[in-house]
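Subject: Structure handover

Hello,

Here is the structure, with the sequence, for you to keep. My notes on what was found in it follow below.

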Amino acid sequence: MEFTITKDDFLRGLGRIQSIIDKKHTLPILSNVLLEAGKDQLELVATDLEVGIRVQLSADVADEGNITVSAKKLFEIIRELPEGPIRIATLDNDWIQVTSGKAVFKVVGLAAEDFPMFPAFDPESFEAVDGDMLLDMMEKTAFAASTDETRYYLNGVLFESEQGEGQPLLRMVSTDGHRLCMVVKTVESLGNLKLEEPVIIPRKGVAELRKLLSDDDEPVMLMLRERNIIVSKGSVLFVIRLIDGEFPDYRQVVPKELQRSISTDRGLLSSALRRVSVLSSEITRGVKLDFEGNALNISSSNPNFGDATEELDVASEGEPLAIGFNSRYLLDVLGASDAEEVKLSLGDELSPAIIRFTGNEEFLAVIMPMRL
């Protein structure tokens with residue numbers, strides 16, 4: 001194998017795959033990137049067996065072939081080279097030589113035959129989706145996915161569809177047992193996107209897709225195949241292995257009737273929570289919301305540091321109530337929208353609260369209270 005490529009293109013491609021590489025994996029080859037030189041192009045492939053990525057780059061290929069080398073070391077080498085063309089050629093015993101100007105590096109590699117291959121798929125099965133819509137859905141749900149590996153079925157975002165009134169709906173839901181976020185979008189058609197059953201996209205896969213979707217304005221193509229979701233955008237292809245588990249019935253978590261509610265400015269509430277939570281417990285991050293009439297009093301208490309309190313003007317309905325929450329959970333939800341007004345619907349001090357934003361009925365969050 002021998003090819004020549006510009007530093008900028010090569011560095012951009014290698015940079016894109018770095019977060020996929022599993023640096024602590026027991027299989028050494030998963031710390032490598034597969035270099036596959038074909039006709040007028042170079043493919044970079046990386047995987048941790050949960051998320052896989054393929055990046056296509058233009059290159060002047062003198063001799064086709066493939067090999068795998070350390071993704072981290074190759075990235076560090078290319079980053080330090082001067083601007084200009086870079087020549088890479090394979091040597092005996094699975095080594096490669098990297099040449100740029102008068103700089104020469106010889107790097108040990110591993111045979112490409114042992115590298116995990118991408119699943120085969122039919123490119124005609126892709127369905128075009130609105131990348132901005134998909135990104136918005138992920139940003140409103142990803143932060144609530146669980147990090148508790150013992151409940152692996154919560155370590156991702158539920159993705160499902162259903163037929164709405166006239167048009168199909170796409171829904172994403174996430175929960176960690178303490179909070180739940182759900183967003184629903186209406187789409188014109190699902191086309192080839194076959195979502196007969198809900199699927200769970202792992203947390204790492206969602207994080208990588210968010211980076212991909214926010215990168216540029218190129219069209220986004222989506223496909224579900226067996227236990228994988230495949231996303232194509234420009235020269236980048238992602239293959240994400242879906243979580244094999246049953247997501248809990250989120251509908252049972254959403255309270256049906258709540259007698260109390262407060263509405264207030266989202267930005268003012270968020271700022272007040274940040275200030276008051278400075279003196280909250282570093283473990284629980286607990287704050288107390290005490291509303292009566294058109295006043296909301298937010299307070300925190302920490303025996304090691306002191307107390308904090310702040311009052312906000314709100315529009316209130318229902319009987320007075322004092323209830324405790326993890327401030328981080330509230331702030332995460334408030335940061336997921338740029339709406340001006342937020343509405344909290346409440347039951348009693350032991351019942352979960354529903355958070356919605358005025359003008360955005362597609363999104364809701366459910367947060368469990370805490371004892372203070």
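Helix 1 (residues 7-17) and helix 2 (residues 71-80) make a left-handed crossing, where left-handed means that the near helix is turned anticlockwise from the far one by less than a right angle, and right-handed that it is turned clockwise. Their axes come within 10 Å and cross at roughly 150°; axes are lines fitted to C-alpha atoms, for helices over the stretch in contact, and angles run from 0 to 180 degrees between N-to-C directions. From helix 1, Lys 7, Phe 10, Leu 11, Leu 14, Gly 15 and Ile 17 meet Ala 71, Leu 74, Phe 75, Ile 78 and Arg 79 of helix 2, contact being heavy atoms within 4.5 Å. Sorted by class, this contact has eight nonpolar residues, one polar and two charged. Ala, Val, Leu, Ile, Met, Phe, Trp, Tyr, Cys and Pro count as nonpolar, Asp, Glu, Lys and Arg as charged, and the others, Gly among them, as polar.

This is a predicted model, in which local features need pLDDT of at least 70 and side-chain atom pairs count only at pLDDT 80 or more, while totals for chains, interfaces and linings use all residues. Residues are numbered from 1 along each chain as its sequence is written, and side-chain values use heavy atoms, with hydrogens and water left out. Helices (H or I, at least four residues) and strands (E, at least two) are DSSP runs, numbered from the N terminus.

Val 98 sits in strand 8 (residues 95-100). At 1% relative accessibility, Val 98 is buried (under 20% relative accessible area; exposed is over 50%, partly exposed in between, with a 1.4 Å probe and protein chains only). Beyond its neighbours within four places in sequence, Val 98 touches residues including Leu 74, Ile 78 and Leu 81.

Strand 18 (residues 260-265) has five of its six residues buried, so it is largely enclosed by the rest of the structure. Strand 18 runs antiparallel to strand 24 (residues 341-346), with six bridges joining them; strands pair if DSSP finds at least two bridges between them. Thr 264 has Val 342 as its bridge partner in strand 24. Three bridges join strand 18 to strand 22 (residues 315-317), also antiparallel, and there Ser 261 is partnered by Glu 317.

An open sheet of four strands has the order 21-20-19-23, with antiparallel pairing. Its edge strands are strand 21 (306-313) and strand 23 (321-326), each pairing on one side only. Six bridges join strand 19 (residues 286-292) to strand 23, where Lys 288 has Gly 324 as its bridge partner. Helix 5 (residues 266-276) packs on this sheet, touching strand 19, strand 20 (295-302) and strand 21, and its direction makes about 170° with that of strand 21. Helix 6 (residues 327-334) lies across strand 19 and strand 23, at about 85° to strand 23.

Regards
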